[in-house]
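Biologist: I'm new to reading protein models. Could you walk me through strands and helices, one feature at a time?

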Amino acid sequence: MHHAPHIAIVGAGIAGLACATALQQSGFNVAIFDKSRGPAGRMSTRRGDGWQCDHGAQYFTARDAGFRAEVARWERAGAAAPWYPVVQRFDTAGARLCAPAERFVGTPRMSAPAALLASTLALRTEVTISALQREGAGWRLHAHGAGPLAHCYDAVVLALPAPQAAPLLREVAPVQAALAQSTTMPGCWALMLQYPAPLALGFDAAFVNHGPLRWVARDSAKPGRGGAESWLLHASAAWSETHIEDDADSVAAHLLAAFAALGGPAPQGWSAHRWRHASTAPAREEVCIWEAADGLGLCGDWLNGGTVEAAWLS
C-alpha cells in the first residue's frame, strides 16, 4: 500500500479503544464511532449533583501479563487503582465473608481508563452507525439520521455487543451475523442509591445468590471517590430478563426491598439504568474475529469471556 490504511472502529468500549490504540501505534489511521456521549461502554459512571456511581462494570481483574502491564500504565496515569473491599456472600443459608481477592477499579471513576485511552484517538460520539456498505475494496459507513459518511475505509471493526453487531453484519457478512445472532447477552437492571451519610452495613460489596439481586456495592468505598454516599445494586441476569420491560419505579421497589433485607435503609434518592446487553452466557472462546480478505473484524468481551480483561484482550 502507498498510504496508511484507514480503519473504522464502531464502539468505544474498552475493546474498541484497545483495538484503536494498537492500530494507531502501528501506523494506521483510525476513526472510532460511538452512539453515546462519551467513551467507556459498560465501564460507565453516572454523575449527578454532588454524587457519582459506577453503574456498569464494578471492577476488573488482571491476570494476563499484557493486561497487567496496561493496568500498571493506567495506575501511573492516575486512571486506576487496586480496590480491597470487604465482600460478603449472601446465600439462602446465610451470610459469610469472602476471601480477599485482587481487584482494580478506574479512578476517580470506572470510566477513567476509557477516557485515558480515548484522549489520543479520533473519537466521534453521538454517532449511531446504522449500516455497512461494501464500496470497491473498502467500506462505507452509514449513520442514523445522516446517511453515508464522507470517508471510505479500508477496513472496519465492530466492537459492539453481539445483538448490536448482528444487524450491521446481516447483509455484508451473513456467517458472522449468524454467530452474533446466536449469542445470548442477558440484560441487567442497575439501581444507583444516594444517602446523606455513610452506611454501616459491615461490608463494602456483596454477592447475593437469592432473590432479585446479584451484586451490591458501596461506590463511595472505592479509591479516589468523593461526594455523597452512593451504593449500586445490580439485579441478577435471570430477574433482569424477566423484568426487562418493567418501568423504573417497579424495578426500584423490588430491588430496594431486597436491599432492605440485607440491612440497607431507604435512600435519599435513586436512579435506575437498564443495560439491555450486559453479559455473555455462555461465554464464547473465539477471542476475536478477523476476515482479512474482507477487511472486517469483530472484537468484544462476548467473544472472549465477558470481562473487562477479556474485552481488552479481544
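Modeller: Let's start with pairing: two strands pair if DSSP finds at least two bridges between them. Keep in mind that this model is predicted. Here, strand S6 (residues 87-91) and strand S15 (residues 205-208) pair in the parallel sense, over 4 bridges. Within that pair, Gln 88 stands opposite Ala 206 in S15.

Biologist: What order do the strands have in the open sheet?

Modeller: There are 7 strands, ordered S7-S6-S15-S16-S17-S14-S18, and the pairing is mixed. Strand S7 (94-97) and strand S18 (269-275) each have a single partner strand and stand at the edges, so one side of each has no neighbour in the sheet. On average, neighbouring strands are turned by 15 degrees against each other, ignoring direction.

Biologist: Which strands does helix H7 lie across?

Modeller: Helix H7 (residues 248-261) lies across strand S14 (188-195), strand S16 (213-218), strand S17 (229-235) and S18. Against S14, H7 runs at about 70 degrees.

Biologist: Now for faces. Which residues of helix H5 are buried?

Modeller: The general idea first: an α-helix has 3.6 residues a turn, so residues three or four places apart point the same way. In helix H5 (residues 174-181), the buried ones are Gln 176, Ala 177, Leu 179 and Ala 180. Looking down the H5 axis, these buried residues fall within an arc of 160 degrees, so they line one face of the helix.

Biologist: And what do the buried residues of H5 pack against?

Modeller: They pack against helix H4 (162-169), strand S19 (288-291) and strand S20 (296-299). On the other side of H5, Pro 174, Val 175 and Gln 181 are exposed.

Terms used: Residues numbered from 1 in each chain as written. Predicted model: local features only at pLDDT ≥ 70, side-chain atom pairs only at ≥ 80, totals over all residues. Heavy atoms only, no water. Helix = DSSP H or I, 4+ residues; strand = E, 2+ residues; numbered from the N terminus. Axes fitted to C-alpha atoms, helices over the stretch in contact; angles between N-to-C directions. Contact = heavy atoms within 4.5 Å. Buried < 20%, exposed > 50% of the residue type's maximum accessible area, 1.4 Å probe, protein only. Arc of directions from axis to C-beta.
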